[in-house]
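Please read them alongside the coordinates.

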Amino acid sequence: KTEAHRGRMMFQLVFKGECTPGTDPATARSNARTLFKATVDQIERMFSGQPVVIRNKLEEVQAEKYRAVLQKHGMVAYVQPMEGAVASAAERAAPAAQPQAEPKPAPATPPAGAAGTDAGSGSA
């Protein structure tokens, strides 16, 4: 039980260019273009027959919602577990820890040096 709480499986939504039965491919493409605000090139890539990841890092519930929306628009999408992508507690904590660590070392020295030279040349 603890394992499930520690890390939830993340999913991705994959589209392979397939249309739902009875959907005209042109209609599906047009729907996809509207839905994703995509360019013609992007739509061509989506419908190339190669698997395309449309969204990733989704909870299973979100992924299923997207899949249902695509199906309603005439496209067959697949919800797949992401290899090795588990939203662990450590992963969720990492982004919060980064901003604190970054500003201290990097910006402290250059602005001070730059400000000193600017002030010096400005007053002279």
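1. Is Gln12 buried or exposed? Gln12 counts as buried, because its relative accessibility is 17% (buried means under 20% relative accessible area, exposed over 50%, partly exposed in between, with a 1.4 Å probe and protein chains only). The residue lies in strand 1 (strands are DSSP runs of E of at least two residues, helices runs of H or I of at least four, both numbered from the N terminus). Leaving aside neighbours within four places in sequence, Gln12 is in contact with Val53, Arg55, Asn56, Tyr78, Val79, Gln80 and Met82 (contact means heavy atoms within 4.5 Å).

2. On the basis of these notes: this is a predicted model, in which local features need pLDDT of at least 70 and side-chain atom pairs count only at pLDDT 80 or more, while totals for chains, interfaces and linings use all residues. Residues are numbered from 1 along each chain as its sequence is written, and side-chain values use heavy atoms, with hydrogens and water left out.

3. The protein chain has six helices and three strands. Read from the N terminus, their order is α-β-α-α-β-α-β-α-α. Of contacts between residues at least 6 apart in sequence, 80% join residues at least 24 apart.

4. The protein chain has 124 residues, and 19% of them count as buried.

5. The structure holds one aromatic pair (rings of Phe, Tyr and Trp, the last by its six-membered ring, pair if their centres lie within 6.5 Å; planes under 30 degrees apart count as stacked, over 60 as edge-to-face and the rest as tilted). Phe15 and Phe47 form this edge-to-face pair, at 5.0 Å centre to centre with 75° between the planes. It links distant parts of the chain: Phe15 is in strand 1 (residues 7-19) and Phe47 in the loop between helix 3 (40-46) and strand 2 (52-58), 32 residues apart. Phe15 counts as buried because its relative accessibility is 0%; Phe47 is also buried, with a relative accessible area of 11%.

6. The charged end of Lys16 sits over the ring of Tyr78, 4.5 Å from its centre (the criterion is NZ of Lys or CZ of Arg within 6 Å of the ring centre and within 35 degrees of the ring normal).
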